[in-house]
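Biologist: Before we discuss the classifications, please show the sequence and the structure.

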Amino acid sequence: MLSKISESLSELSGAERKVAESALAEPKWFVHAAVAEIAERASVSQPTVIRFCRSLGYKGLPEFKLALSASIGHDGMPYVHEELNADDNMGVVVEKVLGNAAASLLGARRFLKEADLERAVTMLSRARRIEFYGMGNSGIVAQDAQHKFFRFGISTVAYVDTHIQLMAAAVLSKEDVLVVISNSGSSIELLDAVSVAKENGASIIAITRPDSPLAQLTDCVLSISSSENSELYTPMISRLLQLAVIDILTIGLALHLGETASLQLQKGKRSIHNKHLEYNKEES
């Protein structure tokens, strides 16, 4: 059912797509919500909710809810990694993993605030130097961020070692921006590095849970939240959400810098242009 909704997104009107995204983000809530609540959550009219249901082939909201409820499963929580069963074939695994990822990415729109993103881009555009800190899976995201941002001609670095983070934070200044990426936002070592950076006047952007200790220390919080149990399972969805936020910041900064960003990106492309083998794609 969720796959059907996802596949229909490109065929829906803009308003109907908002209803679809609400259903994908919180299917359990959607099943029990009144039409007025759904309309308010999606910022559309009540007739739009009905039109959405009919666009998917259902007579109305009650019939759509029945189909959605049946697809969710016994406990009402669809496509979470903990529900993978030992006898699931790879087709089922694909549906569960991709369905959960799609729903979580669409649901992130409720947490990410336009004003916070604009503030973060402004801070990044004025930075003399940008440092990215993360640990574990978040450290990989920090390295991905550095890989993207240095192409704008800005001094950037990513640190994943806690001792180096502390030492690097000690030499930051008020002209620098520190971007901290953490799913839990509660790592003592990471919080120590942030405190040191703040003492030196650096601006702090955090990609983390809105209610985390890290969020309380920073100048700008870009909120992400996922329902996966990171105590038992390797974080998957949270990593995808972090990467998505980095992509949003990258594009936002490129648009803010305008032609300057384009020229820097062109330089980078030209530098490796002759490092690729030429081959005939039609013959390969």
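**Salt bridges and burial**

Modeller: A network of salt bridges links Arg 128, Glu 175 and Asp 176. The model is predicted, so local features need pLDDT of at least 70 and side-chain atom pairs count only at pLDDT 80 or more, while totals for chains, interfaces and linings use all residues. Residues are numbered from 1 along each chain as its sequence is written, and side-chain values use heavy atoms, with hydrogens and water left out.

Biologist: Why is the contact of Asp 176 and Arg 128 called a salt bridge?

Modeller: The term requires a side-chain nitrogen of Lys or Arg within 4 Å of a carboxyl oxygen of Asp or Glu. For Asp 176 and Arg 128 the N to O distance is 2.8 Å, so the pair meets the definition. Side chains of opposite charge can pair when their charged atoms come close.

Biologist: Which parts of the chain does this pair of Asp 176 and Arg 128 tie together?

Modeller: Asp 176 lies in strand β3 (residues 176-181), and Arg 128 in the loop between α8 (114-125) and β1 (129-134), so parts 48 residues apart in sequence are tied together. Helices (H or I, at least four residues) and strands (E, at least two) are DSSP runs, numbered from the N terminus.

Biologist: What makes Asp 176 count as buried, and how is Arg 128 classed?

Modeller: Buried means under 20% relative accessible area, exposed over 50%, and partly exposed in between (1.4 Å probe, protein chains only). Asp 176 has 0% relative accessibility and therefore counts as buried. Arg 128, at 48%, is therefore partly exposed.

Biologist: How do you know that Lys 148 and Asp 247 form a salt bridge?

Modeller: Their side chains meet at 3.5 Å, N to O, and the definition therefore applies. Lys 148 is in helix α9 (residues 137-149) and Asp 247 in helix α13 (residues 237-257), 99 residues apart. Lys 148 has a relative accessible area of 23%, so this residue is partly exposed; Asp 247, at 33%, is partly exposed.

Biologist: What is the N to O distance for Arg 41 and Glu 26?

Modeller: The distance is 2.5 Å, in a salt bridge between the side chains of Arg 41 and Glu 26. Arg 41 belongs to helix α4 (residues 35-42), and Glu 26 to the loop between α2 (14-25) and α3 (27-32), 15 residues apart.

Biologist: How many salt bridges does the rule give?

Modeller: The count comes to seven salt bridges.
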